[in-house]
Amino acid sequence: MDNKLINLYQKIDKCPFCSPSRQNFGGGGKSLKNPLQHIHGFGTISPKFMLILINPTYRNISSNPKYIGPRFPFIGVRQFWKVLGDAGLINKKIACKLPKRQDWSKTHTKQIQNELLKNKLFLTNIVKCCYNHSSYPDKRVIEAQLRFLKEEIKIVRPKKIIAFGALVFKILTGESIHLSNYWNNISRLCPSTSSGLRSKYNENISGLNIKVLPCYFPIGRGNPNKAINYLKRIK
């Protein structure tokens, strides 16, 4: 991994929101110490797409404080990788053969790392703090970690960004949209399969003004089928 990213993630691991001496502002108004490890980003530098989500949860096996190894989004969550495989962003055969969380091994993590690198992708979250619930992070946590995201984007320098979910899109661009309206307008005005890349929205976090394309969250509270269709079009 790029040395600048390593240094950045070392700074993130010292996050005051997860320190044993500070409160965890992860949501729900609770003041609990957060034992879970931060989840970093992973992928190639200067990728075709930087995939950005909101925050990780305990379902990622690398969040376990006893886990040693690479930490990046959705390790052990095969549903996410199946969406990327069905959309053609990674090898579908590899994605479909991934096991359930309890059977996930270092070999499967390595397979995913290779797919991200081979397909020129970089995967990360806005908030790197990991929580034991699926609620959105507190606004204070998001605002505090935007400086890390700014640095991360400037190091990675993606050609385009895919924002998973309307909240992520708003944080990156400052614009509020309805995903269904956005894609319906794209389909009506620009019916060709490549037109989805002509986003009029840029991120305003890093100062690089990188084009941002919105997409439904791919699992859980999102819409996997629509995410697959939109990712196919973006690709």
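Predicted model: local features only at pLDDT ≥ 70, side-chain atom pairs only at ≥ 80, totals over all residues.
Of the 235 residues in the chain, 51% are buried. Among contacts with a separation of 6 or more, 73% link residues 24 or more positions apart.

- Strand β3 covers residues 121-125, and because 5 of its 5 residues are buried, the strand is largely enclosed by the rest of the structure.
- In a regular strand, side chains alternate between the two faces of the sheet.
- In β3, L121, L123 and N125 point one way while F122 and T124 point the other way, and all of them are buried.
- Strand β1 (residues 42-43) runs antiparallel to β3 and is joined to it by 2 bridges.
- Strand β2 runs parallel to β3, with 5 bridges between the two.
- L123 of β3 is the bridge partner of F42, and L123 is also the bridge partner of L51.

**Helix α6 and what covers it**

- Helix α6 spans residues 166-173, and its buried residues are V168, F169, I171, L172 and T173.
- The cover over these buried residues includes the strands β2 (49-53), β4 (160-164) and β5 (211-215), along with helix α5 (139-156).

**How α2 packs with α8**

- Two packed helices are described by the angle between their axes and the distance between the axes.
- For helix α2 (residues 78-86) and helix α8 (residues 224-234), the angle is about 40° and the axes are 8 Å apart.
- Angles under 35 degrees would count as roughly parallel and those from 65 to 115 as roughly perpendicular, and α2 and α8 are therefore oblique to each other.
- The crossing of these two helices, α2 and α8, is right-handed.
- On the α2 side, the contact involves V83, L84 and D86, which meet P224, A227, I228, L231 and K232 of α8.
- Sorted by class, this contact of α2 with α8 has 6 nonpolar residues, 2 charged residues and no polar ones.

Methods: Residues numbered from 1 in each chain as written. Heavy atoms only, no water. Axes fitted to C-alpha atoms, helices over the stretch in contact; angles between N-to-C directions. Helix = DSSP H or I, 4+ residues; strand = E, 2+ residues; numbered from the N terminus. Parallel < 35°, antiparallel > 145°, perpendicular 65-115°, else oblique. Left-handed = near helix turned anticlockwise from the far one by under 90°. Contact = heavy atoms within 4.5 Å. Nonpolar A, V, L, I, M, F, W, Y, C, P; charged D, E, K, R; others polar. Buried < 20%, exposed > 50% of the residue type's maximum accessible area, 1.4 Å probe, protein only. Pairing = 2+ DSSP bridges.
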